[in-house]
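Please find below my numbered remarks on the model under review. They begin with one residue and widen to the fold as a whole.

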Amino acid sequence: MIVIHNEGARYRRRWLPRLKWGALLCAMVLIYGSHAPLIALSKVDGRVPFDPSSCVLMIEVVKLLASLTTLLATQGRRVPLAPSSPFTVAAYAVPAALYALNNNLVVVMQADMDPSSFQVLGNLKIAATAALYSACLGKKLRRGQWLGLGLLMAAGACHGYSSLDWAQPGDKLHVTPRGLVLVLAYCLISGLAAVYTEKMLKSQRLPLSLQNVYLYIFGALLNGLARFSALTGEKSLLEGYSWTVWAIVAGQAANGLSMSLVLKHGSGVTRLFVISCSLLVNAVLSWALLGLQLTTFFLLPVAMVALAAYLYYK
């Protein structure tokens, strides 16, 4: 009886963390995948009724409040009143600035390419993140892992290609030279931000909740400056908010907090698989909620993502 009990306890200790980790990643995939359909559901007369910059700001504020609540609940009086060095806090301004820059690049480059081209070329951030991950963090990837990441890029490109409706005259691929430079900068900055954040979170011996507080303070400040410096008076801060908009805010805030957990205890490459899988969930939700058509070609990126995950994690 004692042996059976010990074996059961050992089994639970081995598999329970894996089940929790798998549940977290599945939840992140679902939230990421529901982002675009929720934006589509929030539209009124074909237009987004809220200011996108205010939505980004609210996401940062919610993440900051959630991090503060978690910090006080888990650390209590053990929370340090001040960091050991000002550079400890200042380091968190770097990823906040990089992500803010990328958010603006996404808006700017839309004039230089069609959405499908952006979706296809945006997959280059997988290569950028993997290269920086290997070079900056000293993580040597096996040949099979590089092949898996290559398949992941190809799956994203196939998914973007399948979203094109060639029967529509305006639905054609076009990219200007300026747009190509901008999308390459976007991919490089995205990879740099992810790798830098992972290195920072893992190198500092601070509670993750406190690290999140530092990170989202700068995120809220930078996005707040961007929101109010560009304020035109057309929309107030919370104008046009509905339950779908608040669902977007809550979902993206939860995903941001979950991503910091992945970067702290996992790998930035896992983030790439989450995003790639979310594109497939996005397509299925768009089919179920918005009536978009899926073709048999959709099965190809699904199979490629599955094979990529097998090659990378086997």
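1. Histidine 159 lies in helix α7 (residues 143-162); helices here are DSSP runs of H or I with at least four residues, strands are runs of E with at least two, and both are numbered from the N terminus. The model is a predicted one, in which local features need pLDDT of at least 70 and side-chain atom pairs count only at pLDDT 80 or more, whereas totals for chains, interfaces and linings use all residues. Residues are numbered from 1 along each chain as its sequence is written, and side-chain values use heavy atoms, with hydrogens and water left out.

2. Is histidine 159 buried or exposed? Its relative accessibility is 7%, so histidine 159 counts as buried (buried is under 20% relative accessible area, exposed over 50%, partly exposed in between, with a 1.4 Å probe and protein chains only). Not counting residues up to four places away in sequence, histidine 159 touches Gln119, Leu279, Leu280, Ala283, Phe298 and Pro301, a contact being heavy atoms within 4.5 Å. For one of these, leucine 279, the C-alpha to C-alpha distance to histidine 159 is 7.7 Å across 120 residues of sequence.

3. Cysteine 158 is also buried, at a relative accessible area of 16%. The structure holds 0 disulfides, where a disulfide is a pair of cysteine sulfur atoms within 2.5 Å. Cysteine 26 accordingly is in no disulfide, and the nearest cysteine sulfur, that of cysteine 277, is 8.8 Å away.

4. Helix α8 (residues 177-203) includes serine 190 and leucine 180. Serine 190 counts as buried at 4% relative accessibility, while leucine 180, at 39%, counts as partly exposed. With neighbours within four places in sequence left aside, serine 190 is in contact with Asn102, Lys125 and Arg271. The C-alpha atoms of leucine 180 and methionine 113 are separated by 8.4 Å, although the two are 67 residues apart along the chain.

5. Helix α6 (residues 124-137) has 14 residues and reaches 19 Å from its first C-alpha to its last, close to the 20 Å expected at 1.5 Å a residue; the expected span is 1.5 Å times one less than the number of residues. Which residues of α6 are buried? They are Lys125, Ile126, Ala128, Thr129, Ala130, Leu132, Tyr133, Ser134 and Leu137. Just after α6, glycine 138 takes a positive phi of about 70°.

6. The count of aromatic pairs comes to 6. Rings of Phe, Tyr and Trp (its six-membered ring) pair if their centres lie within 6.5 Å; planes under 30 degrees apart are stacked, over 60 edge-to-face, and the rest tilted. The rings of phenylalanine 50 and tyrosine 241 have centres 6.1 Å apart and planes at 65°, so this pair is edge-to-face. Phenylalanine 50 is in the loop between α1 (2-42) and α2 (52-75) and tyrosine 241 in the loop between α9 (208-229) and α10 (243-265), so the pair ties together parts 191 residues apart in sequence. Phenylalanine 50 counts as buried at 6% relative accessibility, and tyrosine 241 is buried at 15%. Together with Trp246, Phe50 and Tyr241 form one aromatic cluster.

7. Leucine 261 lies in helix α10 and counts as partly exposed at 30% relative accessibility. Neighbours within four places in sequence aside, leucine 261 is in contact with Trp21, Leu24, Leu208 and Gly266. Leucine 261 and leucine 24 are 237 residues apart along the chain, and their C-alpha atoms are separated by 9.6 Å.

8. On the fold as a whole, the protein has 12 helices and 0 strands. Of its 314 residues, 42% count as buried. Among contacts with a separation of 6 or more, 87% come from residues 24 or more positions apart. The accessible surface of the protein is about 17,100 Å², with 69% belonging to carbon and sulfur atoms; areas come from the Shrake-Rupley method with a 1.4 Å probe, and for residues only the protein chains shown count as cover.

9. A last point concerns confidence. The mean pLDDT of the protein is 80, and 84% of its residues reach 70 or more, pLDDT being the predictor's confidence in each residue, from 0 to 100. Among the elements, helix α5 (residues 115-121) has the lowest mean pLDDT, 70, and α10 the highest, 89.
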